[in-house]
Amino acid sequence: MGGSLVIQTSYLGDVILTTPLIAELAQRGPVDVLVTPVGAEALANNPDIRTVIRYDKRNTYGSALGTWQTIKELRTRRPYTAAYLAQGSFRSGLLAMMTGAKQRIGFASSTGRVLYTTQVPYRPERHHAERLWSLSMSDEERHRVDALLRQTGTASNPFVALAPGSAWGTKRWPYYVELAKRLAGDYRIAIIGSKADSAIAAQITEALPPDTVINAVGVLPLLASAELIGRAQAIVTNDSAPQHLASAMGTPTLTIFGPTVPEFGFGPLAERNAVAGHDSLTCRPCDRHGPQRCPLGHWRCMRELTPEYVSSLLTEVLNPPVPV
């Protein structure tokens, strides 16, 4: 069958940021992508992909049989011209090698680099998605968003999206309810996230008048959430996947960084954007992802970013100065 294989078994935001690489490779020939089940949902409508191969890490990591079955499926698609390691673990490198791909290309900083035939320098000063961004959207996602907005009576009213969730505990800013109250007088509020964010979404919803809130948490599939973000006046988000969706859709973005920093290469890319962060803390950044709990116990990087401060930054994003 030939073509290229892209291996990306990391978090959702990383999967989304890999789509520009996929688009570039698709100009040269067929592209298959090995990805987690959640990642497969994100790539479901991507016209640049020949086949999405699901790889359930939670089950497969503990099962030699499951890993071998994945390897056998990959080998039936031989010969791949090259395998691109967008996720750099040793296991991913081993999977790439077992496909028989003669070229295995990944970053020189990756754990699995000893299995690569080509090691590309990792440039931390560049954005992870620089020159490599695209997103596929189907009519089905658009129709689902249309229906949701009609149901909530907000089809023609401007709204601001809030994305209060994150897989990492210390990356969840604690004042989204207070921010929503401040914004509700001027904007409808749309809450974006997965079912894991249901509790905070319920708190925001209960704090606002019924006709001012759109609770899309756990309601819309991933790409429909991207479509909803694309229609927002702006989004306030943690350092998480919705920020990358907003970058793809060009939605004005305010990203709240606590234990992490945009210098890691994962900041907002929308033309109008701002970053909220506690720049005076010497303990920050403390982790490339963000630990579940503050290592020092104070969590000042988030607790001391007040709703007033974030609201003022959002005002600047929503109302940029007019060039003289």
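This is a predicted model: local features need pLDDT of at least 70, side-chain atom pairs count only at pLDDT 80 or more; totals for chains, interfaces and linings use all residues.
Local features need pLDDT of at least 70 and side-chain atom pairs count only at pLDDT 80 or more, while totals for chains, interfaces and linings use all residues. Residues are numbered from 1 along each chain as its sequence is written, and side-chain values use heavy atoms, with hydrogens and water left out.

An open sheet of six strands has the order 9-8-7-10-11-12, with parallel pairing. Strands (E, at least two residues) and helices (H or I, at least four residues) are DSSP runs, numbered from the N terminus; two strands pair if DSSP finds at least two bridges between them. At the edges are strand 9 (213–215) and strand 12 (273–276), each of which pairs on one side only. On average, neighbouring strands of this sheet are turned by 15 degrees against each other, direction ignored. Axes here are lines fitted to C-alpha atoms, for helices over the stretch in contact, and angles run from 0 to 180 degrees between N-to-C directions.

Strand 10 (residues 234–238) is mostly covered, with five of its five residues buried. Buried means under 20% relative accessible area, exposed means over 50%, and partly exposed lies in between (1.4 Å probe, protein chains only). Ala234, Val236 and Asn238 are buried on one side of strand 10, and Ile235 and Thr237 on the other.

Strand 10 is joined to strand 7 (residues 159–163) by four bridges, and the two run parallel. In this pairing Val160 stands opposite Ala234. Four bridges also join strand 10 to strand 11 (residues 253–256), again in parallel, and here Asn238 stands opposite Ile256. Between strands 10 and 11 the chain passes through helix 11 (residues 241–249), in a β-α-β crossover that is right-handed. A crossover has this hand if, with the strands pointing away from the viewer, the path from the first strand over the helix to the second runs clockwise. Strand 11 pairs in turn with strand 12, in the parallel sense and over four bridges; Thr255 has Val275 of strand 12 as its bridge partner.

Helix 8 (residues 176–183) touches strand 7, strand 8 (188–191), strand 10 and strand 11, and its direction makes about 180 degrees with that of strand 7. Helix 11 touches strand 7, strand 10 and strand 11, and its direction makes about 150 degrees with that of strand 10.

The structure holds three aromatic pairs. Rings of Phe, Tyr and Trp (its six-membered ring) pair if their centres lie within 6.5 Å; planes under 30 degrees apart count as stacked, over 60 as edge-to-face and the rest as tilted. Trp173 and Tyr175 form an edge-to-face pair, 5.6 Å centre to centre with 85 degrees between the planes. Trp173 and Tyr176 have ring centres 5.1 Å apart and planes at 80 degrees, so this pair is edge-to-face. Trp173 is buried at a relative accessible area of 3%, as is Tyr176 at 1%, whereas Tyr175 counts as partly exposed at 21%.

Elsewhere, the buried residues of helix 2 (residues 19–26) are Thr19, Pro20, Ile22, Ala23 and Leu25. These residues pack against strand 1 (4–8), helix 1 (12–17), strand 2 (31–35) and strand 4 (82–85).

Definitions and conventions: Contact means heavy atoms within 4.5 Å.
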